[in-house]
Amino acid sequence: MATTLAVMQIIPAAQVLIFNFDREFPLGFVSRVKSTVPSSAFFGCKSKVSANGTLGIANGKSRVVAEAESSKTKVDRWAGLGNDISDDQQDIQRGKGMVDALFQGAQGLGTQNAIMSSWGYVSQGQRTYSMDNIKDGLYIAPAFMDKLVIHIAKNFMNLPGIKVPLILGIWGGKGQGKSFQCELVMSKLGINPIVMSAGELESGNAGEPAKLIRQRYREAADVIKKGKMCALFINDLDAGTGRMGGTTQYTVNNQMVNATLMNIADNPTNVQLPSIYNKETIPRVPIIVTGNDFPTLYAPLIRDGRMEKFYWAPTREDRIGVCKGIFRLDNVHDYDVAKLVDQFPGQSIDFFGALRARVYDDEVRKWIAKVGIENIGRNLVNSKDGPPTFQKPAMTIDKLMEYGNLLVQEQQNVKRVQLADKYLSSDALVDANADAIQQGTFYGSSA
């Protein structure tokens, strides 16, 4: 009996196995064998055997037969790519129509057209918990902080059997404070990240941007080796490697940047420099990237195993909280801040920062009139008296509304007056001034 059990443990499942047992074995024991038939490798070859076994009795001998798969069905393993249902499609659907048209890729190309539209799943997928979201009086959106802190923490943890994406992609409309919110969160965590921008992802020398990414990654790893948290932060990734339309030139550097980021995401602890092939384990470094339109990126780079995506669309509460931080030194009442946000609901958060800067125009104009235009240079550059100082202007809600409407009018002019098309179609001067003439604001139109 012991010999028979040893044989059963050694011999794996083949295509058809027949075990003959003595009559002294109870049939109950034999019936349990069919559920424990192994599927292992034998002499370097894997056996593909069904786990179902049949029990039979022939000539007084009991036998167990493990039946093999009768035939192999040919299945196209790439067939599922046409109906991708991964989470990146959810994020694309989530941001569809909310990103400015200037930052949308060409329609019908890439992954701009989302396949899934399960809004119920998207709304229930995010959980946030209360955290101290104030840094030096500046507001951090709770959902933003929750996503970034958890991603960084997971990459420094050892979670057995869990594949944690190395890259966190934060994308959304222009001027929504993505980079600044990241800086606030990292400052709160005590992290000084290694920073890159989209302008460093292209070079006249082929391979330089990919080499630079590896160098910056290893710099962050060296900081972690010294006992301090660090991260690699890449601003505006889509501006450096995205396809903004059919006329976008796809260079060798674009390919190598995508390939390098994919390789680092797959092997985060084995990042070698060019021409150095010794295997050296380095600390894992979380990567944070921002952008405006991630559907323009290379699709395999943003798949779920490599990149965790987060579409940032601030709510009304988030916008009010950030604006309170913008006007925190100007004695603007919270009620007025909320009224200002509601007055310009479609504007980005940067709009309110530009609005605050516009209010200072009156004070600068008074200072110029005081010192004289011819004396501006000697008072601003290398002045022995130092930079000019003046009192903070009074920021009333009426003044903020006035300057806000002026900024909106400038935005409308950019959208309405397409001078480049008019220069090519007809007389430049007439068409360029037609808009101002129709509004009655052109100089001399009253005469």
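Author: Let's start with helix 13, residues 361–371, whose buried residues are Glu363, Trp367 and Val371. They sit on the same side of helix 13, because the arc they cover around the axis is only 60°. Keep in mind that this is a predicted model.

Reader: What does the face of helix 13 turned away from its buried side carry?
Author: Exposed residues: Arg365, Lys366 and Ala369. As for the buried side, helix 14 (376–380) is included in what covers it.

Reader: Why is Gln347 called buried?
Author: Its relative accessible area is 13%, and buried means under 20%, so Gln347 gets the label. Gln347 belongs to the loop between helix 11 (334–343) and helix 12 (349–359). Leaving out residues up to four places away in sequence, Gln347 touches Arg319, Val408 and Gln411.

Reader: What makes Lys188 and Asp132 a salt bridge?
Author: Their closest N and O atoms are 3.4 Å apart, and the cut-off is within 4 Å, so the pair passes. This pair links distant parts of the chain, 56 residues apart: Lys188 is in helix 6 (residues 178–189), and Asp132 is in the loop between helix 4 (119–124) and strand 6 (134–135).

Reader: How do you know which of the labels, exposed or partly exposed, goes to Lys188, and which to Asp132?
Author: Exposed means over 50%, buried under 20%, and partly exposed is in between. Lys188 has 30% relative accessibility, so it counts as partly exposed. Asp132, at 52%, is exposed.

Reader: What about Lys225 and Glu280, how do their side chains meet?
Author: In a salt bridge, at 3.5 Å from N to O. With the limit at 4 Å, the pair qualifies. Lys225 is in helix 7 and Glu280 in the loop between helix 9 and strand 11, so the bridge ties together parts 55 residues apart in sequence. Lys225 is partly exposed at 45% relative accessible area, and Glu280 is partly exposed at 29%.

Reader: And what makes Arg358 and Asp361 a salt bridge?
Author: The N to O value for their side chains is 3.6 Å, which is again within 4 Å. Arg358 has a relative accessible area of 26%, so it is partly exposed. Asp361 comes in at 29%, so it is partly exposed too.

Reader: On to the nonpolar side. How many residues are in the largest nonpolar core, and which have the most contacts inside it?
Author: The largest nonpolar core has 32 residues, and those with the most contacts inside it are Ile167, Tyr217, Leu232, Ile234, Leu237, Ile287 and Val289. At least two residues of this core come from each of strand 8, strand 9 (194–196), helix 7 (208–225), strand 10 (232–234), helix 9 (252–266), strand 11 (287–291) and strand 12 (307–311). Helix 7 supplies the largest share, 6 residues.

Reader: What is Ile234 in contact with, leaving aside its neighbours within four places in sequence?
Author: Met196, Leu261, Ile287, Ile288, Val289 and Thr290. Apart from that core lies another of 22 residues, including Leu138, Val185, Trp312 and Ile349.

Reader: What makes up the nonpolar surface patch?
Author: Met157, Leu159 and Ile162 make a patch of about 280 Å². Met157 is found in the loop between helix 5 (142–155) and strand 8 (167–171).

Reader: Last one, the overall picture: how many helices and strands are there?
Author: The protein has 17 helices and 12 strands. Of its 447 residues, 38% are buried. Among contacts with a separation of 6 or more, residues 24 or more positions apart account for 73%.

How values were computed
Residues numbered from 1 in each chain as written. Predicted model: local features only at pLDDT ≥ 70, side-chain atom pairs only at ≥ 80, totals over all residues. Heavy atoms only, no water. Buried < 20%, exposed > 50% of the residue type's maximum accessible area, 1.4 Å probe, protein only. Helix = DSSP H or I, 4+ residues; strand = E, 2+ residues; numbered from the N terminus. Arc of directions from axis to C-beta. Contact = heavy atoms within 4.5 Å. Patch = residues over 30% accessible without salt bridge, like charges linked within 9 Å, V, L, I, M, F, W, Y side chains within 5 Å. Areas by Shrake-Rupley, 256 points an atom, 1.4 Å probe, with all protein chains shown as cover. Core = buried A, V, L, I, M, F, W, Y, C linked by side-chain atoms within 4.5 Å.
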